Amino acid sequence: MILDIYKDSLEYSAKDWKTLVILGVIALFSFLLLPLFLLSGYNYRVVKTAVNGIINGRDPLPDFDDFVGMFVDGVKVVIVQVVYIIVPIAIFFIFAAIASQLSGGFAVATMAIGVLIALIIGIIACLMVQMGVCHMAYNDGEFSKAFALKEIKEVIDEIGWFKCIVTYIGLIIITLVISTVVASIIGFIFAAFGFSGLMLGINTSGVFLLGMLLNISVSMFFVGPYLSIFNARSIGLLYTIQL
């Protein structure tokens, strides 16, 4: 089932390269915050399509329309993420503050316990964020559903905590592998040209620069958007397992 989710999401994310470019352009200006919310809003649409679809279905990529609605959805998603992640961060700083008032082994032990608790709560919070956004999308965007802790826990219980964690870890690994492989291939090609030029006594500084720029461009306009859709689709399909 998990492999089916990955396969579906990998294929789904590559349906339209124009969409990837558009998302890349939006990401380019994400430092202005407004585009950042639009990106979150678009990924939310991907999640919404997934939670209302089926694995290996024929769902289309969401359209770029109703930008106001997309922006509002993005704001809601970011708020959900911040609220959940604040909890483990707050726990960490509370233990850090307590440890700062102690000394020696007591301080180290307190900090170690704090890190462990914050890590466990952080993992739970990440799952709750993902399922919370899915739960909100499944309930027609009702914001309060993202914080319906009892309902979200029941969803995770139905899917299985182990399956959720394994799926999430798998997404992280796949994301890192794809990013690394693409960057390595481009880097290797331009490095080969560059070193060949050096052996022939040719100034190849421009080749290395071109390779770096191409790497950044491919990552921003294709790989990054592709992986963001892949992750959103995968989480949305994971949610459907309990339906």
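Which residues of helix α6 are buried?

**Helix α6**

In this predicted model, helix α6 spans residues 149-159, and its buried residues are Ile152, Val155, Ile156 and Ile159. These residues lie on the same side of α6, because they cover an arc of only 95° around the axis. The face turned away from that buried side carries the exposed residues Lys150 and Glu158. Just after α6, Gly160 takes a positive phi of about 110°.

An α-helix has 3.6 residues a turn, so residues three or four places apart point the same way. Lys153 is partly exposed at 43% relative accessibility, and Asp157 is partly exposed at 37%.

**Other salt bridges**

The count of salt bridges comes to seven. One of them joins the side chains of Asp8 and Arg233 at 2.8 Å, N to O. This pair links distant parts of the chain, with Asp8 in helix α1 (residues 2-13) and Arg233 in helix α8 (residues 205-240), 225 residues apart. Both Asp8 and Arg233 are buried. Together with Asp59, they are linked in a network of salt bridges.

Within helix α4 (residues 67-100), Lys76 and Asp73 lie three residues apart, and their closest N and O atoms are 4.0 Å apart in a salt bridge. Lys76 counts as buried because its relative accessibility is 16%, under the 20% cut-off. Asp73 likewise counts as buried, at 17%.

**Cysteines**

The count of disulfides is zero. Cys164 is in no disulfide, and the nearest cysteine sulfur, that of Cys134, is 9.6 Å away. Cys164 is buried at 1% relative accessibility, whereas Cys126 is partly exposed at 26%.

Methods:
Residues are numbered from 1 along each chain as its sequence is written. This is a predicted model: local features need pLDDT of at least 70, side-chain atom pairs count only at pLDDT 80 or more; totals for chains, interfaces and linings use all residues. Side-chain values use heavy atoms; hydrogens and water are left out. A disulfide is a pair of cysteine sulfur atoms within 2.5 Å. Buried means under 20% relative accessible area, exposed over 50%, partly exposed in between (1.4 Å probe, protein chains only). Helices (H or I, at least four residues) and strands (E, at least two) are DSSP runs, numbered from the N terminus. The arc is that of the directions from the helix axis to the C-beta atoms.
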